[in-house]
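Please read them with the sequence and the coordinates open beside you.

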Amino acid sequence: MAGYDKLRKMIQSALKQSAEESSMLLNQELTVNDTEVLEFDKQAYLADLEDSAFVVPVDSREDYPGRIHLVFSLRDAILMSGILLGIPSGRISEKRKLLILEADDIDAFSEIANQIIGTFNSVFQPLLPDKFHLKQLPPVKFVPQVDEVTDDVPVPDEEYLVYKAQIKLGGDDLNRFDILVPLTLAACIDPQEAIPEATYEEPAIHDQAESLRRLFPADLAGETSSKPTRGVAGGGYVLVLEDDHDAGEEVKGFLLASGFMVIVSHLGADIKDFFAEEEIHAVVLGVKKADEWELSLCSKIKEMSGNPQLPIIVCASQWTRTGVFKALKNGAKDIIMKPYEQSELLGKLGKFHAAA
C-alpha cells in the first residue's frame, strides 16, 4: 500500500510503545513484529473477518475529527482480560473456547485498550501541528454470520486504511489486532500530494484508471513467477467477456480490424469451452460495478485457462482504490475505464505482446 508513510511510522511507534506498557500491565512480554497496511471498504473488511471480534471504537477529536476502530480477536480479548484479572489458565482456555465474555472481562479489556489509546495520544500529539485527542467509546462484541450488520456495526460504512499488527504475547502469536483509520481521517493526519497527471496523450476520462493503476504495482497481484506473459501474436485469440452486447461488438470490431482474432461472450457463459477449443492469449473483461463477485472472475478465468500468466484487462466505468486492489489481487494484469477507448485497449494488448 503506497502513501501515508508518516501515519504508518506514527502508528508503528505508538504500537511499539504501547506493547512495552502492556507488557508491564499484563506481566507478560508483548511484542509487535510488523504492521501490514491494506485498504478495505466495510464490505471487504467484513469478508476478511472470519472469526469473532471485539471492536473498540475510538473518537478522534479536536482538529482531526473521525472515528478509529481497534479490532481484536474476541479470543485474544478474553485471554488478555483473563490475565489482567488473574483468572486461572484453565478457566481462560474454557472461556476462549466457548467465547464467554463477561462484564469483568469487558471492563478489564477496556483498561488495556485505554492504555493503548493513551499511548497513541502521547505519540501523535507532539507530531501533529494542530490539536489531536483520542477518546475510547464503549466496545462491542461482533460474531460474523450471527450478529446483525448495520450502518455503524461493527464499523461505519466507509473506506479504511487497515493496519494489521502482528502481535505476540508470551511468545505466542495472537490472532488479530487491526487498526482501522478512515481514509478521510488518514488524509487529514497525513495529507498526500496530488497524483500527477499522465504526461502522454490520453483522454481525460481515463486519467482516474491510470492514476489508480499506478498506485498498485503489478507485484501486488501476487505474480512471483519470472515467466514472461504470452502475447497475442501468432494466431492467438482475444476473449472478450462483456454483458453489454453493444460494447462487446464494438470491441470485437476494432480488434478484428487491428488483426486480432476475437471471441465475444457474456459473463455468465461457460467459458471453459473457449479455452478447450482455442488458445486464448488475452482476456478483456468488461464489468459493470467492479464489485467482489465480478472481480473474482479474474481468478476463475485463470484457473479455467490453465495459464497463471494469462493477461486479463478489466474494464469498468468507475474505479476506487479498493476496486483496483481487489482486481489485482484476483489476477488482473491491468485496468481501464469505460467507455472503451480504442487506442488505449490496443496499446495495452500490444504491451503484453511486446513482453512475450
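1. Contact, as the word is used in these notes, means heavy atoms within 4.5 Å. In that sense, and leaving aside neighbours within four places in sequence, histidine 133 is in contact with Asp59, Ser60, Arg61, Glu62, Asn121 and Gln125. Histidine 133 lies in strand S4, which covers residues 132-136, and its relative accessible area of 33% makes it partly exposed. Its C-alpha atom is separated by 9.4 Å from that of isoleucine 117, a residue 16 positions away along the chain.

2. This is a predicted model, and the confidence values deserve attention before any detail is discussed. The mean pLDDT of the protein is 84, with 86% of the residues reaching 70 or more. Over residues 195-205, however, the pLDDT is below 50, and this stretch has 12 contacts in the model beyond near neighbours in sequence. Residues 218-235 also have a pLDDT below 50, and that stretch has 36 contacts beyond near neighbours in sequence. Where pLDDT is low, the predicted coordinates should not be read in detail.

3. On the overall architecture, the protein has 12 helices and 13 strands, and 49% of its 356 residues are buried. Among contacts with a separation of 6 or more, 70% are accounted for by residues 24 or more positions apart. The accessible surface comes to about 17,100 Å², and carbon and sulfur atoms contribute 49% of that area.

4. Which residues touch the most other members of the largest nonpolar core? They are Leu7, Leu70, Phe124 and Ile179, in a core of 47 residues, and the largest share of this core, eight residues, comes from H5. Leucine 7, once its neighbours within four places in sequence are left aside, is in contact with Phe124, Leu161, Tyr163, Val181, Ala186, Ile189 and Asp190. There is also a second, separate core of 28 residues, which includes Leu241, Leu267, Val287 and Val324.

5. Leaving aside neighbours within four places in sequence, aspartate 105 has contacts with Ser81, Leu85, Ile87, Lys95 and Ile100.

6. Helix H11 (residues 321-329) is largely enclosed by the rest of the structure, because seven of its nine residues are buried. Those buried residues are Thr322, Gly323, Val324, Phe325, Lys326, Ala327 and Leu328, and Val324 is also one of the members of the second core. Just after H11, glycine 331 takes a positive phi of about 110°.

7. How many disulfides does a search of the whole structure find? The search finds zero. Cysteine 188 counts as partly exposed, because its relative accessibility of 32% falls between the 20% and 50% limits, whereas cysteine 315, at 0% relative accessibility, counts as buried.

How values were computed:
Residues numbered from 1 in each chain as written. Predicted model: local features only at pLDDT ≥ 70, side-chain atom pairs only at ≥ 80, totals over all residues. Heavy atoms only, no water. Disulfide = S-S within 2.5 Å. Buried < 20%, exposed > 50% of the residue type's maximum accessible area, 1.4 Å probe, protein only. Core = buried A, V, L, I, M, F, W, Y, C linked by side-chain atoms within 4.5 Å. Helix = DSSP H or I, 4+ residues; strand = E, 2+ residues; numbered from the N terminus. pLDDT = per-residue confidence, 0-100. Areas by Shrake-Rupley, 256 points an atom, 1.4 Å probe, with all protein chains shown as cover.
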